[in-house]
Amino acid sequence: MSINDRVIAIIAEQAVLEPSDVTPDSTLEDLGIDSLGLVESIFAIEEEFDISVPFNANEPTASDFDITNVSAIIAGIEKLVAEKV
Amino acid sequence: MKRVVITGAGTINSLGHSVPDTLEAMREGRCGISDLEFRDVDRLSIKIGGQVRGFEAEGRFNRQQMSLYDRFTQFTLTAAKEAIDQSGIVFSGETAARSGVVLGTAGGGVSTWDDNYRSVYEDGKNRVHPFVVPKLMNNAAASHVSMEHNLKGPSFTVSTACASSNHAMAQAFQMVRSGAAPAMVTGGSESMLCFGGVKAWEGLRVMSKDACRPFSANRNGMVQGEGAGVFVFEEYEHAHARGADILCEVVGFAMSSDAADIVMPSKQGASRAMAGALRDAQLNASDVGYINAHGTGTAANDKTECAAVADVFGPHADELMISSTKSMHGHLIGGTGAVELLACIMALRDGVVAPTIGYEEPDPECALDVVPNEAREAKVDVALSNAFAFGGLNAVLALKRV
C-alpha cells in the first residue's frame, strides 16, 4: 500500500468510515474527528511509519505540521517518511 | 437531616457478574478464588486470586470507549448500569444537576500503568498511546459514570487503600443526608490483578499462596480480588415518591485514623470507628445483628478486629454474627467495601448471613461467631460494614432493615 492509502486507512478507521469516504479535501471536522481523535490518529500514524510527527495539541496551528485537510496531512507524512531515509 | 436509602445495587466480581449471581454464590458459600491467568504469571510467587472470568469488554464497549476504559472503569460502568437500572431513577433536570458520583479505588488503572511501563521499559518503545493518562487516572471511572448517566453534581474519587469504597460511600451518604444531593451513585472498584499489581503485593509478604481463611487459626494471609460494587444512595422521600424498591437504609457512619503505623492495624482505631458509627446512627450495640468484617485473613487484622468488636460490643459480641466474605471473592482493595455491602443488604433484606468460608480451626484470639463455612438464616435489623485500611484509616457504615 502507498503512504496515501495507509494514511487514509488510519483516518477512516478513526472516523469509522470506509476509506472511499475519505477524500483528499476532507477536513478532520468533516470526518467527525475531534481533538482527542486527532491525537489518536497521529499516534497511529507514528506507529505505522515509525516517525515523529511534530504536532502540539496546545497549538495545532503553530505546529510544523499542516492538518488543514487529508491531502495536507498526507503530504506532511510523505515528507517525514522521506526525511527518515 | 434526611433519611438515606439504597435503591439500586450493581456488581461484578469473581463470584458473579451481577448482584443476584453474587448473592447466590455467597448463600452457597462458593469460592471465586482460583489460579490467576495473565501474562508472566509464572514469574510470581503468589498465583491465586479472585479474578473476574468471562468478562468480554469487546462487544460491551465500542472501539473509542475501549481505548479510554481501563479494566477498573469497565467494571465500574458495568456495575453502575446494573445499580441505576434497578433503581429506576432517571437523572434529568434538577435531579441530574444536584446528583453526583463518589467512588473509591486504591490503584485506579493499574493494568494501564503496567502495560505501558512494560512497553517503554521492557519492549524499549518510545511512545505510548495518547490516552494513557485519561485511562489510568483514579477518577476515570467516576468521570465516565457521570458522563454515561448525566450526573452533574458533586463527583470525585476517594483513595484510602482498603477503605476507599467505605470512605466514598460515607461521603455520598453525607451528601444525601445533608440535603446537598437528592441521590448519589457510589461504591468502588479495583483491578490490580496483573503482573505488576500482584508483584507489588508479594513484596509485603502478607499474601496467602493457597486460600483466604479469615479468623481460622491456620490462616496465612490475604488473597487479592478484583471487580466493582456500585449503589444508588437516595433521599428517602425522593425514593418513596417515585415508588422505588428500597433495599435498606443507611443510618450512620464513622471514620477514624489510627495515627500509629502505616501497615499494622490498631484495636483502638477500629473500635472508635465502629462505636462512632453506632453513635452516628443513634443505635445501641445490642441492635447490631451482623458485622461484615474487614476480615482479610492476615494474622494481624483478624485478631485485632475481633478484639475491637469485643471492646465495642461487650457481652453482645458473643450474640452477633461476623463474617468475612473476602474468603469467597478475595480482597478487592479499594473496591472491597462496596462488594461487601452486598452481604449486609442480603442479611437485612433476605435474612441470609453470608459465611466465612475456608474456616478450618478455631483461633482463641478470634472467638466470635464467624458464621463458618455455611450461610445462615437469621433476622437481622442492623448491620455494620467494616473497612480498615493500610495507613490506619478506618471507615464503618451502619445499615438498617426497612
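In chain B, 10 strands line up as an open sheet with mixed pairing, in the order E5-E4-E6-E7-E1-E8-E14-E13-E9-E10. The edges belong to strand E5 (156–158) and strand E10 (321–323) of chain B; each has a single partner strand, so one side of each is left without a neighbour in the sheet. From one strand to the next, the twist averages 25 degrees. Please keep in mind, as you look around, that this is a predicted model.

One pairing in the sheet is worth a visit. Strand E13 (residues 382–389) and strand E14 (residues 393–400) of chain B run antiparallel and are joined by 8 bridges.

Now over to chain A. Two packed helices are described by the angle between their axes and the distance between the axes. Here the pair is helix H1 (residues 3–15) and helix H3 (residues 70–84) of chain A, whose axes come within 10 Å and cross at roughly 125 degrees. H1(A) and H3(A) are therefore oblique to each other, and their crossing is right-handed. On the H1(A) side the contact is made by Ile3(A), Asn4(A), Val7(A), Ile8(A) and Ile11(A). H3(A) contributes Val70(A), Ile73(A), Ile74(A), Ile77(A), Glu78(A) and Val81(A). By class, the residues of this contact are 9 nonpolar, 1 polar and 1 charged.

The two chains also meet each other, through 4 residues from chain A and 5 residues from chain B. The side of chain B that touches chain A has 2 nonpolar, 2 polar and 1 charged residues.

How confident is the predictor in each chain? The table gives the values.

| Chain | Mean pLDDT | Residues with pLDDT of at least 70 |
|---|---|---|
| Chain A | pLDDT 93 | 100% |
| Chain B | pLDDT 97 | 100% |

Among the elements of chain A, H1(A) has the highest mean pLDDT (96), while helix H2 (residues 35–49) of chain A has the lowest (94). For the complex, the predictor gives an ipTM of 0.84 and a pTM of 0.96.

Definitions and conventions:
Residues numbered from 1 in each chain as written. Chains lettered and ligands numbered in written order. Predicted model: local features only at pLDDT ≥ 70, side-chain atom pairs only at ≥ 80, totals over all residues. Contact = placed C-beta atoms within 7 Å. Nonpolar A, V, L, I, M, F, W, Y, C, P; charged D, E, K, R; others polar. Axes fitted to C-alpha atoms, helices over the stretch in contact; angles between N-to-C directions. Helix = DSSP H or I, 4+ residues; strand = E, 2+ residues; numbered from the N terminus. Parallel < 35°, antiparallel > 145°, perpendicular 65-115°, else oblique. Left-handed = near helix turned anticlockwise from the far one by under 90°. Pairing = 2+ DSSP bridges. pLDDT = per-residue confidence, 0-100.
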